[in-house]
Amino acid sequence: MDVGAYLSRIGYQGLTEPTLETLRGLHRCHLFSVPFESLSVHCGEPITLALPLLYDKIVRRRRGGFCYENNGLFLWLLRALGFDVVGLAGRVRNRFTGRLGPPRDHLLLLARLGGQRFLCDVGFGDGFLEPLRLEPGLEQPQEGGTFRLGLAGGVWALERLRAPGGEGRALYTFTLEERELGDFAAMACYHQQAPSSLFACKSFCSLPQPGGGRLTYMGWRLIATRGGERTETPLQPPEIPALLQHAFGAQLSGILVPKDQDIQPPPEGEEMGPAPPTE
């Protein structure tokens, strides 16, 4: 596992001192270079949360992954560069069901710099592009939207605002209890097979685009969004592997079985909570 090769993989050429400027640059480069994807689940590649395996997949084979993979390896990189950073556990609001996922449904990161704390997340998909200050009620505009953090009863909630000072759309909740990558092993298995998991139900691969917008492969469609406009292009199965390599740099080692199945409501025993408040 080599830091230089990792920085080359994400196209980062700036300074590497543990500063906020470095953190912002690394965060943006990672998001624009490493896809948020579920392809392994649908082409016979079991996911194991071991750092050498994640490094091989993301750096050497130039693939992406879901939150445990992308944020797990980013956590290693930041620590190797001297950042004071820890893992946190979150619960994502599923945009298809409107419900929160189980505990440890999501891995995100918290960096401490100069007496301030910053939220980092390179494994969520359509989220924030630069680290957010961990400060409740502060509206933080950036390319791709305005974000706000709320705090109630020790639980933080991240939301994207529809307009400055207005209502928001809840993305996920989290607490500040520190976690390590191994703490998410059971949930990594869950997301590879549960009918209430986005990753098990839909084959997808997604990257933000320079200048705004997002490009997403899902099932048998290619979805492009920019400036509030959305276009969908139907795909034939033989087209998909070449598209993934051309548009996302994803070279698959197995045969992809496309999937775009409805996500099932979670059973009662999975401790799924209601959606967090949006105001």
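Helix 2 and helix 4 are roughly antiparallel to each other, where roughly antiparallel means an angle over 145 degrees, roughly parallel is under 35, roughly perpendicular is 65 to 115 and the rest is oblique. This is a predicted model, so local features need pLDDT of at least 70, side-chain atom pairs count only at pLDDT 80 or more, and totals for chains, interfaces and linings use all residues. Residues are numbered from 1 along each chain as its sequence is written, and side-chain values use heavy atoms, with hydrogens and water left out.

Now the geometry. Two packed helices are described by the angle between their axes and the distance between the axes. Helix 2 covers residues 20-33 and helix 4 covers residues 67-80. Their axes come within 12 Å and cross at roughly 150 degrees. Axes here are lines fitted to C-alpha atoms, for helices over the stretch in contact, and angles run from 0 to 180 degrees between N-to-C directions. Helices are DSSP runs of H or I with at least four residues, strands are runs of E with at least two, and both are numbered from the N terminus.

The crossing of helix 2 and helix 4 is right-handed. In a right-handed crossing the near helix is turned clockwise from the far one by less than a right angle; anticlockwise is left-handed.

Which residues make the contact? From helix 2, they are Leu 23, Leu 26, His 27 and His 30. From helix 4, they are Asn 70, Phe 74, Leu 77 and Leu 78. Contact means heavy atoms within 4.5 Å. The set divides into 5 nonpolar, 3 polar and no charged residues. Nonpolar is Ala, Val, Leu, Ile, Met, Phe, Trp, Tyr, Cys and Pro; charged is Asp, Glu, Lys and Arg; the others, Gly among them, are polar.

Next, helix 3, residues 51-60. The axes of helix 3 and helix 4 come within 10 Å and cross at roughly 105 degrees. That makes helix 3 roughly perpendicular to helix 4. On the helix 3 side, the residues are Leu 51, Leu 54, Tyr 55, Lys 57, Ile 58 and Val 59. They meet Tyr 68, Glu 69, Asn 70, Gly 72, Leu 73 and Trp 76 in helix 4. This contact divides into 8 nonpolar, 2 polar and 2 charged residues.

Val 3, in helix 1 (residues 3-9), touches Trp 76, Leu 77, Ala 80 and Leu 81, not counting residues up to four places away in sequence. The cut-offs: buried is under 20% relative accessible area, exposed is over 50%, and partly exposed is in between, with a 1.4 Å probe and protein chains only.

Between helix 3 and helix 4 there is a loop, and Arg 62 is in it. Phi of Arg 62 is near 55 degrees, a positive value in a residue other than glycine. Arg 62 is partly exposed at 42%.

Last, the whole chain. The protein chain has 7 helices and 13 strands. Its C-alpha trace spans about 50 × 45 × 40 Å along the principal axes. Buried residues make up 50% of the 279 residues. Among contacts between residues at least 6 apart in sequence, 58% join residues at least 24 apart.
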